[in-house]
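Me: Could you take a close look at one part of this model for me? I'd like the geometry first, then the contacts around it.

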Amino acid sequence: MSNIIRGDIKWSEVIWMVSIVSLGMLLQLWLQLDIAAYLALYPVMAATKLNDYSMQGILKAFLPILLVACVALLVDQLFGSHPFVVWGISLWVFDCARRWADTPAKLGQIYIPLLNWFLVIVFAQHAPIPMTHWVRDIAVSMVTTIAVVRFVMLFMSPPKASSPPPMQARKVTYQQRLIYVVMLGLGLAFLMMVNLIAATFCMMPVIIAAAQSEKAIYQMIVKTCLHAHVGGCALAMVFVALLAGEHVHNLVYIIGLTLLVLLIAVWISGSRAGVKALHTEAMLGTMLPLQLYVSATDLGLQDTYFRGELMLMVLALLVVSQGIIYGKSNSLVNHGH
């Protein structure tokens, strides 16, 4: 493979990722949280997406997820009997987030908090889980991941991540805001009306793609999500099938999961440019279904397949939507304000 996208494997970086992701996810075996997804989300974020591993830097990355969940819970508690009001407030939140995100770095920062807004609002409408338990599990997952990171730091230093170059803020146009609010608003309206909770996580590519002003980047995101999340579901299914039911034995599952994380971590460390971002997203795309669906009594194959199928449908809708969003142009930047 070309040296442009392949490089030397940094084994310290690999060990760092394996330690944090594996330990964070495996603690679910002991904690048995109702909402296990956050013990995949937080560890993968900590291992692959953070640039600052000081306590202040970690909290800056993690706290918005918890705060957004608390605000969404409050909105649901106050207006849950009036779904249209909840939907209207959500549109305002989406617009505020898009107006604030005037650089690529800020766009990256609103991704997970907005996904969390979707999760809390949709699950509050359809799931039997008390939403206070939801916030509790987010907080426990956050504290657990921070403890894991600090524990691993006792034995090794975090990999030195290169900070992204500073980029000039661009004013977000009314057209960009309207597209963002419409796309996210339609997705939320569908999920609030139809009891299809599994589709909520499939809003991940919509949240990112809807914010793009360049058609080429929009298409790249759709392609990345296809490989990372649909491919991640396929990889998770292969992994579970290879365990052949032996995952009920904790030691077998621990060894198997660690080896799977090691494989993906080697892909990440040995990659460069956009391929590294793809493999980083694949870590999340693979770990989420494993944490969500695999249990001692269920291999989770059917649910994992269904998640991949739903994600494929969402990505197909995004491909169709690009003609409406961009028309014959390749950018929204030069259009009306």
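How far apart do the end C-alpha atoms of residues 138-157 lie, and how much of the span is helix or strand?

Reply: The end C-alpha atoms of residues 138-157 lie 26 Å apart, and the span is 80% helix and 0% strand (helices are DSSP runs of H or I, at least four residues; strands are E, at least two; both numbered from the N terminus). This is a predicted model, where local features need pLDDT of at least 70 and side-chain atom pairs need 80 or more, while totals for chains, interfaces and linings use all residues. Residues are numbered from 1 along each chain as its sequence is written, and side-chain values use heavy atoms, leaving out hydrogens and water.

UniProt, in an unreviewed entry, lists 138-157 as a "transmembrane region", with 110-126, 178-211 and 251-270 also among them (positions follow the numbering used here, feature names are shortened, and annotations may be inferred rather than shown by experiment). Residues 251-270 come out at 95% helix and 0% strand, with end C-alpha atoms 28 Å apart.

Leaving aside residues up to four places away in sequence, Gln-322 touches Lys-215, Tyr-218, Gln-219 and Gly-327 (contact means heavy atoms within 4.5 Å).
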